[in-house]
Amino acid sequence: MNEPEGLRFRRLNRPQIITDELQEPQYKGTSTYSGKVFRVTLLTLAGFLLLPLLVVILILESPIHPELLSLSEPPLLVGCYEPNLKLREAQRLFEDQIVGPESIANIGDVLYTGTADGKILKLDGRKSHVVATLGKPPCGTRDEELTCGRPLGIRIGPNGTLFVADAYLGLFEVNPVTGEATNLVSTGQVVAGRKLSFVNDLDVTQDGRKVYFTDSSSRWQRRDYLLLIMEATADGRVLEYDTETKEVTVLMEGLRFPNGIQLLPGEESVLVAETTMARIRRVHVSGLNKGGMDTFVDNLPGFPDNVRRSSTGGYWVVMSAVRPNPGFSMLDFLAQRPWIKKFIFKIFSQDVLMKFVPRYSLVVEFHDGGVCTRSLHDPHGLVAAYVSEAHEYDGHLYLGSFRSPYVAKLDLSKV
């Protein structure tokens, strides 16, 4: 082999170095084509899945027809509203023996409450006894509430009987000794052209002549309370029942979810928690101002439930859902976006949505002029959850709940 032939041989057999630069031109076209095919396939599949869902959402009618609602910016949780852990000092009573003791009243050391199974219970020491059953079993499901009944507000009358507001069955007077229950006003009764649909709370004058009560809505029932809040229906009323004439009279209407009610000293006015609006109204029920209404306290840090007197001359207001500031309040956000609320309720049930409502228990004491004097908190509701009422007796607060399986008892001397 001469020199030129040797050079040609070495050139022909020179090893090749494989690099990314050599591969890229070779496969670039194939890779780009495969990526496009994958994206088109994915988008087509997504379209096939989402299109029927969108069609169903557009066709389905929302169960609510919400109104545009304007709420003030929530108050800052500072000063009197400063968060604390005081409610976590409470102890649970009758845990897992009762469910949903919404409201509490006492005769001496004996407590009385109504529970989710339609019963009126006597809580004496560590024992509970059934005083009366207002509805008929079975109980326990959403549909069964209609016939089982759901006792809410409870008060003691001047002659020692219990006055009870049942959301589905109406107003009752119950003898705590014999258990005899007398139906005073039936839910479903037409008053001033509209049916009573959601009897909620009540209070009784000292002479027992008048019973003032709230009917939270003539459109929605208690089992649909979240729909009532979200729709912001202004069809709630405050009514008067005369125990002598048996007449029922409308005192105020056009309220958005009137809830707890409490007579003021002098008994010419009542405080009414207007839950959806996060405020407490004062309705004049007798005297020169009868038929009038003003605001006791506006722009609360949460959505109020029951209102009860405190031993210092003030009023305990309970809130189980707060409007955090600083923070994000879902209900405030949705208030001005009714179209989002309609969309949400087309897809999700109340039970599902309730899981997204943060648990936060708040009890606030107010005095004349709506002045906050102290607040008791349980962030996340770890000890006292889903609170509905704060009933004060003998230096303690007894906390009712619309769904928890216990009564919580707080020693006020420790907080």
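Predicted model: local features only at pLDDT ≥ 70, side-chain atom pairs only at ≥ 80, totals over all residues.
Visitor: What percentage of the residues count as buried?

Guide: Buried means under 20% relative accessible area, exposed means over 50%, and partly exposed is in between (1.4 Å probe, protein chains only). Here 51% of the 415 residues are buried.

Visitor: How many helices and strands are there?

Guide: Both are DSSP runs numbered from the N terminus: helices are H or I with at least four residues, strands are E with at least two. The chain has seven helices and 26 strands.

Visitor: Which residues touch the most other members of the largest nonpolar core?

Guide: A nonpolar core is a set of buried Ala, Val, Leu, Ile, Met, Phe, Trp, Tyr and Cys residues joined through side-chain atoms within 4.5 Å. In the largest one, of 31 residues, they are I120, L134, I154, L162, V164, V174 and F345. Elements giving two or more residues to this core include β5 (127-133), β8 (170-174) and α6 (338-347), but α4 gives the most, with five residues. Apart from that core lies another, of 19 residues, with A273, V297, V307 and Y360 among them.

Visitor: What is L134 in contact with?

Guide: Contact means heavy atoms within 4.5 Å. Leaving aside neighbours within four places in sequence, the partners of L134 include I120, V164, F172 and V174.

Visitor: In what sense do β8 and β9 pair, parallel or antiparallel?

Guide: In general, strands of a sheet pair through backbone hydrogen bonds, in either a parallel or an antiparallel way. Two strands pair if DSSP finds at least two bridges between them. β8 and β9 (residues 181-185) are antiparallel, with four bridges, and F172 has N183 as its bridge partner in β9. Six residues sit between the strands of this hairpin, where G179 takes a positive phi near 80°.

Visitor: What is the strand order in the open sheet of four strands?

Guide: Follow β1-β26-β25-β24, paired antiparallel. The edges are β1 (91-93) and β24 (387-393), each pairing on one side only. β24 and β25 (residues 396-401) share six bridges, and H391 has Y398 as its bridge partner in β25.

Visitor: Where is E365, and is it buried or exposed?

Guide: E365 belongs to strand β22 (residues 360-367), and it's buried, with a relative accessible area of 2%. For its side chain, look for polar contacts: pairs of N or O atoms within 3.5 Å, where within protein one must be able to donate a hydrogen and the other to accept it, and residues adjacent in sequence count only if both atoms are side-chain atoms. The side chain of E365 makes one with the side chain of S310 at 2.7 Å and another with that of T312 at 2.5 Å.

Visitor: Where is T275 found?

Guide: T275 sits in the loop between β17 (269-274) and β18 (279-284).

Note on methods:
Residues numbered from 1 in each chain as written. Heavy atoms only, no water.
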